[in-house]
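Hi everyone, thanks for making time for this one. I'd like to walk you through a structure and point out a few spots along the way. Here it is on the screen.

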Amino acid sequence: MNVYILGGLKRLEKEYKKIGRKHGCKTRVLNTHCTNCNKCLKDSDAVIFMVDNASHKMVQSAKQTCKKNNIPMIFTDKASVNSLDNVISCMSSRKNNPAACSI
């Protein structure tokens with residue numbers, strides 16, 4: 001499963017990826033808005049938004065891309081490692097409906 005994490009803390013990026021590997025997900029972390037991030041999101045299976053640490057412009061742009069391509073969006077208001085672990089474990093248990101894992 002390809003999962004993109006938007007936002008989060010730069011210093012925890014390695015931990016975020018480690019948690020993804022623990023649950024069998026290939027994770028990529030985007031901390032800042034990039035010009036081709038919408039192109040990257042198109043080949044993902046789910047996008048996790050860490051709302052507290054994501055720019056408004058990046059979130060709005062990514063939401064439009066997800067809606068357009070029917071990509072599940074998961075929102076969490078915390079950038080902690082434990083919060084991400086809970087979200088990804090919920091996603092792996094609900095493969096048919098990962099969007100129900102918003103915390």
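Predicted model: local features only at pLDDT ≥ 70, side-chain atom pairs only at ≥ 80, totals over all residues.

Let's begin with E1 and E2, two strands that run parallel and are joined by 5 bridges. Strands count as paired here if DSSP finds at least two bridges between them. Across that pairing, Leu6 stands opposite Leu30 in E2. E1 is largely enclosed by the rest of the structure, because 5 of its 6 residues are buried. By buried I mean under 20% relative accessible area, with exposed being over 50% and partly exposed in between, using a 1.4 Å probe and protein chains only.

Residues are numbered from 1 along each chain as its sequence is written, and side-chain values use heavy atoms, with hydrogens and water left out.

Now to helix H1, residues 13-22. Which of its residues are buried? They are Glu13, Tyr16, Ile19 and Gly20. These cover an arc of only 125° around the axis, so they sit on the same side of H1; the arc is taken from the directions from the helix axis to the C-beta atoms. As a reminder, an α-helix has 3.6 residues a turn, so residues three or four places apart point the same way. Lys14, Arg21 and Lys22 are exposed, on the face of H1 turned away from the buried side. And what covers the buried residues? The cover includes strands E1 (2-7), E2 (26-30) and E3 (46-50), plus helix H4 (81-93). Just after H1, Gly24 takes a positive phi of about 80°.

The side chains of Asn31 and Glu13 are joined by a polar contact of 3.1 Å. That term means a pair of N or O atoms within 3.5 Å; within protein, one must be able to donate a hydrogen and the other to accept it, and residues adjacent in sequence count only if both atoms are side-chain atoms. Asn31 counts as buried, at 18% relative accessibility.

The largest nonpolar core has 16 residues, and Ile5, Tyr16, Ile48, Leu84 and Met91 touch the most other members. A core here is a set of buried Ala, Val, Leu, Ile, Met, Phe, Trp, Tyr and Cys residues joined through side-chain atoms within 4.5 Å. E1, H1, E3 and H4 each give two or more residues to this core, and H4 has the largest share, with 4 residues. Apart from it lies another core, of 15 residues, including Leu30 and Phe49.

Last stop: how many aromatic pairs does a search of the whole structure find? It finds 1: Phe49 and Phe75, stacked, at 4.8 Å centre to centre with 15° between the planes. Rings of Phe, Tyr and Trp (its six-membered ring) pair if their centres lie within 6.5 Å; planes under 30 degrees apart count as stacked, over 60 as edge-to-face and the rest as tilted. Phe49 is buried, at 0% relative accessibility, while Phe75 is partly exposed, at 28%.

Note on methods
Contact = heavy atoms within 4.5 Å.
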